[in-house]
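Thanks for coming. Please look at the sequence and the structure first.

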Amino acid sequence: IRMKKIWLATYTDNTPTQPFYRRFGFIAEGVFMFDEYFKGKPRHVLSMAKFLDSKNQRRARLLKKRFLF
């Protein structure tokens, strides 16, 4: 089996972890709004991925710039 990407999910309000993940090559793919609730308050989930082949990694970075997430 050849893996093409590794993904993870974190909360949007967990801001200290996001630069850490970016340092390892993860980029934001999308946000799931109001996906989970904690103590009655909504939390948004940020989906991040690291593409393991350089072709898809370049495409993902271009899309990120275009869609601003």
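The accessible surface of this chain is about 5600 Å², and carbon and sulfur atoms account for 60% of that. Such areas come from the Shrake-Rupley method with a 1.4 Å probe, and for residues only the protein chains shown count as cover.

A word on where this comes from. The model is predicted, so to speak of local features we need a pLDDT of at least 70, side-chain atom pairs count only at pLDDT 80 or more, and totals for chains, interfaces and linings use all residues. Residues are numbered from 1 along each chain as its sequence is written, and side-chain values use heavy atoms, with hydrogens and water left out.

Now the overall layout. The chain has two helices and three strands, in the order β-α-β-β-α from the N terminus. Helices (H or I, at least four residues) and strands (E, at least two) are DSSP runs, numbered from the N terminus. The chain has 69 residues, and 25% of them count as buried. Buried means under 20% relative accessible area, exposed means over 50%, and partly exposed is in between, with a 1.4 Å probe and protein chains only.

How are the three strands arranged? They form an open sheet in the order β1-β3-β2, with antiparallel pairing. At the edges are β1 (5-11) and β2, each of which pairs on one side only. Neighbouring strands in this sheet are turned by 25 degrees against each other on average, direction ignored. For that angle, axes are lines fitted to C-alpha atoms, for helices over the stretch in contact, and angles run from 0 to 180 degrees between N-to-C directions. Two strands pair if DSSP finds at least two bridges between them. Between β2 and β3 (residues 41-51) there are eight bridges, in the antiparallel sense. One example is Phe32, whose bridge partner in β3 is Val45. The hairpin of β2 and β3 has two residues between the strands, and Lys39 there takes a positive phi near 55 degrees.

Next, the charged pairs. Side chains of opposite charge can pair when their charged atoms come close. A salt bridge here is a side-chain nitrogen of Lys or Arg within 4 Å of a carboxyl oxygen of Asp or Glu. How many salt bridges does the structure hold? There are two.

One joins Glu29 and Lys5, with the closest N and O atoms 2.9 Å apart. Glu29 is in strand β2 and Lys5 in strand β1, so the pair ties together parts that are 24 residues apart in sequence. Glu29 is partly exposed at 30% relative accessible area, and Lys5 is partly exposed at 33%.

The other salt bridge joins Arg43 and Asp13, at 2.9 Å from N to O. Arg43 lies in strand β3 and Asp13 in the loop between β1 and α1, so this pair ties together parts that are 30 residues apart in sequence. Arg43 is partly exposed, with a relative accessible area of 22%.

Last, one glycine. Is Gly25 buried or exposed? Gly25 is buried, at 13% relative accessible area. Gly25 sits in the loop between α1 (17-23) and β2 (27-38). Leaving aside neighbours within four places in sequence, Gly25 is in contact (heavy atoms within 4.5 Å) with Ala49, Lys50, Gln57 and Arg61.
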